[in-house]
Protein chains: 4
Amino acid sequence: MEKVKIGIVGLGRLGMHHAQNLQYKVRNAELTAACSLVPEELEAARKRLGVQETYTDYAVMLENKALDAVFIASSTSEHAGHIAAAMKAGFHVFSEKPIALETAECLRVQKVVETHQQQVFMLGFQRRFDPSYIYAKEKIEANAIGTPFLVRSQTSDLDKYAEFQVAFTQASGGIFLDANVHDIDLARWYLKSELESVYAIGGCYEHKAFEQYQDADNTTALCRFKNGTMATISASRTAMHGHHTTTEILGTKGILRIGYTPAINRVEILDHYGVRQECVDDFYTRFETAFLLEAEEFINCIVEGRKPEITAEDGTRATEAAIALTRSYKENTLIRL
Amino acid sequence: MEKVKIGIVGLGRLGMHHAQNLQYKVRNAELTAACSLVPEELEAARKRLGVQETYTDYAVMLENKALDAVFIASSTSEHAGHIAAAMKAGFHVFSEKPIALETAECLRVQKVVETHQQQVFMLGFQRRFDPSYIYAKEKIEANAIGTPFLVRSQTSDLDKYAEFQVAFTQASGGIFLDANVHDIDLARWYLKSELESVYAIGGCYEHKAFEQYQDADNTTALCRFKNGTMATISASRTAMHGHHTTTEILGTKGILRIGYTPAINRVEILDHYGVRQECVDDFYTRFETAFLLEAEEFINCIVEGRKPEITAEDGTRATEAAIALTRSYKENTLIRL
Amino acid sequence: MEKVKIGIVGLGRLGMHHAQNLQYKVRNAELTAACSLVPEELEAARKRLGVQETYTDYAVMLENKALDAVFIASSTSEHAGHIAAAMKAGFHVFSEKPIALETAECLRVQKVVETHQQQVFMLGFQRRFDPSYIYAKEKIEANAIGTPFLVRSQTSDLDKYAEFQVAFTQASGGIFLDANVHDIDLARWYLKSELESVYAIGGCYEHKAFEQYQDADNTTALCRFKNGTMATISASRTAMHGHHTTTEILGTKGILRIGYTPAINRVEILDHYGVRQECVDDFYTRFETAFLLEAEEFINCIVEGRKPEITAEDGTRATEAAIALTRSYKENTLIRL
Amino acid sequence: MEKVKIGIVGLGRLGMHHAQNLQYKVRNAELTAACSLVPEELEAARKRLGVQETYTDYAVMLENKALDAVFIASSTSEHAGHIAAAMKAGFHVFSEKPIALETAECLRVQKVVETHQQQVFMLGFQRRFDPSYIYAKEKIEANAIGTPFLVRSQTSDLDKYAEFQVAFTQASGGIFLDANVHDIDLARWYLKSELESVYAIGGCYEHKAFEQYQDADNTTALCRFKNGTMATISASRTAMHGHHTTTEILGTKGILRIGYTPAINRVEILDHYGVRQECVDDFYTRFETAFLLEAEEFINCIVEGRKPEITAEDGTRATEAAIALTRSYKENTLIRL
């Protein structure tokens, strides 16, 4: 069968990660085009990945009708425009999260997506493709823990990356929009409901530089959902031990706990520090398999004429919720949605 | 040296546990008197513990001037009265938590305590005597995790005890006052600050019988402290795996995690359920050592003329906070203290 | 660049696993030919893997000079012949372990390999490519645990596969040759020495059917190496919890422990069985990444003109040692090599 | 009821530990006499433990007919003589292991014990009183793991104590008699059989000073039992992480694993070393509860007129086996018993 021909936009670290998966590891996929404003990135795409056609203008890439799909890994502020343009140009579209930093813009994009029902659209909530998160979902669907009523989810990044993130905080929308959209998406996925009220607090406990943007280095939010269930959502930029994404789902008949020790592998070290496991450094490592599986699912949906489980509405809802958390934090008050 | 002669009031399960420790395991202590309204309990005290003098009237026991100290394990609603009477009668006093279910009453008792500076008063926040909690405190004081900024603490009881707790919910003040005063005390201890605002949610996800008392079977609260730090405080009455008290303390340089697997011992079972550890059934088992160590500390304070670290004010503060959580839950709103 | 064209012989479960990796996941590899005596397997190769050329006669496949390399996953008794023929025909060769069930035959094959220095030969000791085992090796080389002096290694298979293995025991050479060659190879790798003496015991504790072949369902061997170091090597066919490969390396300054809980993923379940992790079912799952990485290394060696670290001599040594363990077990005596 | 009056001989670290338990923690026990050759130890017994009568001559202490029982914690070479004398003098006797360093002497003592059936004799195999080891025994008796066929047991001490142990190696009989008698006793207890053959190896991998006594700093032995079951028995003097006693019991239907992480408490530390638990320093800490429970059992046997499960024959058998391991190690050969 014909391989799905893909053009990617954005070749930063995550973009390059996707590009390599698409070119070498995803069956039925072929990365034939790449777009970036950075000449070195296009050079790398040609040399290291053998991408034939490279562009500096996204609109021009979209004129390439040999492409079947567009993979969007551009900067957050570009997502909405890039998605809409590619959908309108008739391509299948995969985009990194979030759709946008404002709800209204999400809704506009969502509408564009919904008016192109013949095309596949998928958003990069890669945790839903992590084998452990899938396993938890299957357990819940099989009624292994009764009815879920509380999700505790956190995203923690290594302290050594914090200073770099300061410059990035405005473009990313801040810690809730950047890190917690994933946790919010997971809570919605497992609890099957939408946020009703939220209270978010936190501070710049170690890195005061975030204060100038009303951002934080550590936050926690308590969320009540419309169906009466709960979630606590935390983010941290000061972890010393590793990238640490954890999620706990409490049900009436049992509990599932995901990722409590973010071990880098199956080795335990017994030395004068005790019995210990070393940990993954970043989310690329932690979710390496998930990034691959989500790309495979995107391609499989195209090949098999299916729609992904993740929709544009999921993206809108996550952004909407993250904005509510941000506002609660900035105003130090309870927000009801 | 002379042993400290103790009279105990209340010989329910926890009272009997204390009584056995005092009689057989605490050096320099001697349980010579017991007071209860239940004849069988007094019979047990005589027969099984060799307690010589038994009373049905607490006031009469307090007239026994051979006693040095009074140990209070009566029902929650009696604590305040029993503490005040014993302090006024000149005894050293150990009381189970909470002091009372209302702040005003706590303050009255606190004042009585503070006007009897020659007597030892201690409140049964036994977790502060658990070797793991002590170890965490020492690590923090030794600056092993930098500045603590977030405490996550939960108290979970086995589901099989839930139905029994329904009848008990009014007398105990509900789940926040009954279970979470411990977690609140720990958060105050580790974060060294007082609550500023709190939002508490939850529900009767499994046991609808709690609804009639506006109580819940699972709750979570998010607390902001005056020094800008945070705490999440949860309680559960539906655990299937065991009594599960966990506390996590996040600091700017590291994290301490206490009790994430409430294993009953050091045995792992590898069978067709996987690799697993069986868990402790109740807080008596989980905190067996802590109950003993707190009793020893009480006696040592008397013998050595010292004051315990835990004060009546700690009791007042914990009750005050638990009341705020309760109100936030019942009114579904943010409470600022 | 040109892809390495591969012909595979043997399309049983492991062969098909290799074939899929080669066809879809290994960069620079292309599976163009397959040989099997089973028509359904060739049909599957054509239909599911798109392999163009299929053979029932291995000698005929070797006449296909468009091939660059041969991948051998035939039955154990065929390995030696298949390796020698492919090497002599000028192909690069990857073969599943063991080379043969007798030392003399291993040595004959080893000689053939050594006389074809321009071709890559690699043996399927896939554990050396498992990320955890590599990590341990790197830690040791970086002197993290001082000098290794004891390796404890075991291979345990699920009890539910035991009855199937009875029929297979003669062709596989028995439990020491089938399961423990891997453990022996790891011990040699980490301890950097050869066996000096060995004592092996065991029995048919659950599956008496192995007795007729003087085979066992559980065994343990104690090995002394020429450099004075030690290894204990165990095998089990009666595990209830999962496939369980563990290796512990004790050094003078620390210990590394690999795979003590063979968890299937990062999920912990807290229910009435306790706190538990479910486990991997078989070595395909446990070593999925390793199988891929070893195939990549084989292809990379061809592409880059390198030789793999694993040599034919490693295969000979492992077989020789496994035979000594087998003899020690059958004769219930200490064997000195 | 009357308390059991006890005289202790030997007030070294372990003796003092026992003395404190007997005086303050064991119900129905009273430590009234102590014997030692070290004046400071007797002084400590008087001052810190309130022991009234102190002796430098063991024979004189045995003339004290107010005593009910003798607790022997003298040096290993004295055990046999002290046990026999106390039994003959009519006392109940608890003795630290081993009975003696030679089988013949064990048998002589065993005979003395067996001719005084009215007196309680108990040997200090304290691991049998550790809650985890008891739990494992109960699981096995309840058929939770089918038929046990392999015990893996090790005793590892911290490297920092090794140099001290050099001087002690002759008096203790070497590493097999000093450390492994416990492991041997556990293997016999769980496997319900006696040793048939044994092969022991090891070396001085870090501390060459043990070589002069033909002792080792790390050893492993493989044991075959008369009922066809197996055990591997290891000892180490070079652990960096903590005192590490582990025992694994493999049965036909499941596996029990005891003490794989010798955590000092329930705290996990997440810092730049990874996720870790700090470990117990020595066997006093690891077996603190067991030491108390064995003393309680000894007293309860006296009070209730029962005999302990552990017999003098258990002591003889363990010594006999440890001697076989020692001989196998020294002669580098298989020993059949």
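Modeller: Start with B:P98. B:P98 sits in the loop between β5 (92–95) and α5 (103–114) of chain B. Helices (H or I, at least four residues) and strands (E, at least two) are DSSP runs, numbered from the N terminus. The model is predicted: local features need pLDDT of at least 70, side-chain atom pairs count only at pLDDT 80 or more, and totals for chains, interfaces and linings use all residues. Residues are numbered from 1 along each chain as its sequence is written, while chains are lettered from A and ligands numbered from 1 in the order in which they are written.

B:K97 and B:P98 are joined by a cis peptide bond. Its omega is about -10°. Now turn to chain D. The bond from D:K97 to D:P98 is cis, with omega near -15°. D:P98 lies in the loop between β5 (92–95) and α5 (103–114) of chain D.

Other loops hold backbone features too. A:N143 is not a glycine, yet its phi is positive, about 65°. Find A:N143 in the loop between α6 (131–141) and β7 (148–158) of chain A. A:N143 has 11 C-beta neighbours inside 10 Å, so it counts as exposed (12 or fewer other C-beta atoms within 10 Å, placed from the backbone). D:Q214 is not a glycine either, and its phi is about 55°. The loop between β8 (195–203) and β9 (218–225) of chain D holds D:Q214. With 12 C-beta neighbours inside 10 Å, D:Q214 counts as exposed.

Next, see where chains meet. In chain C, 24 residues are in contact with 24 residues of chain D (C-beta atoms, placed from the backbone, within 7 Å). On the chain C side, β7 (148–158), β8 (195–203), β9 (218–225) and β10 (230–239) each give two or more residues. That side has ten nonpolar, eleven polar and three charged residues.

Finish with two helices of chain A. Helix α8 (residues 175–191) and helix α11 (residues 312–331) of chain A pack at about 120°, with axes 8 Å apart. From α8(A), the contact includes A:F176, A:L177 and A:R188. From α11(A), A:D314, A:R317 and A:Y329 are among the residues that take part. The residues of this contact divide into nine nonpolar, three polar and four charged.

Notes. Two residues are in contact if their C-beta atoms, placed from the backbone, lie within 7 Å. Ala, Val, Leu, Ile, Met, Phe, Trp, Tyr, Cys and Pro count as nonpolar, Asp, Glu, Lys and Arg as charged, and the others, Gly among them, as polar. Axes are lines fitted to C-alpha atoms, for helices over the stretch in contact, and angles run from 0 to 180 degrees between N-to-C directions. A residue is buried if 20 or more other C-beta atoms lie within 10 Å of its own, exposed if 12 or fewer, and partly exposed in between; C-beta atoms are placed from the backbone.
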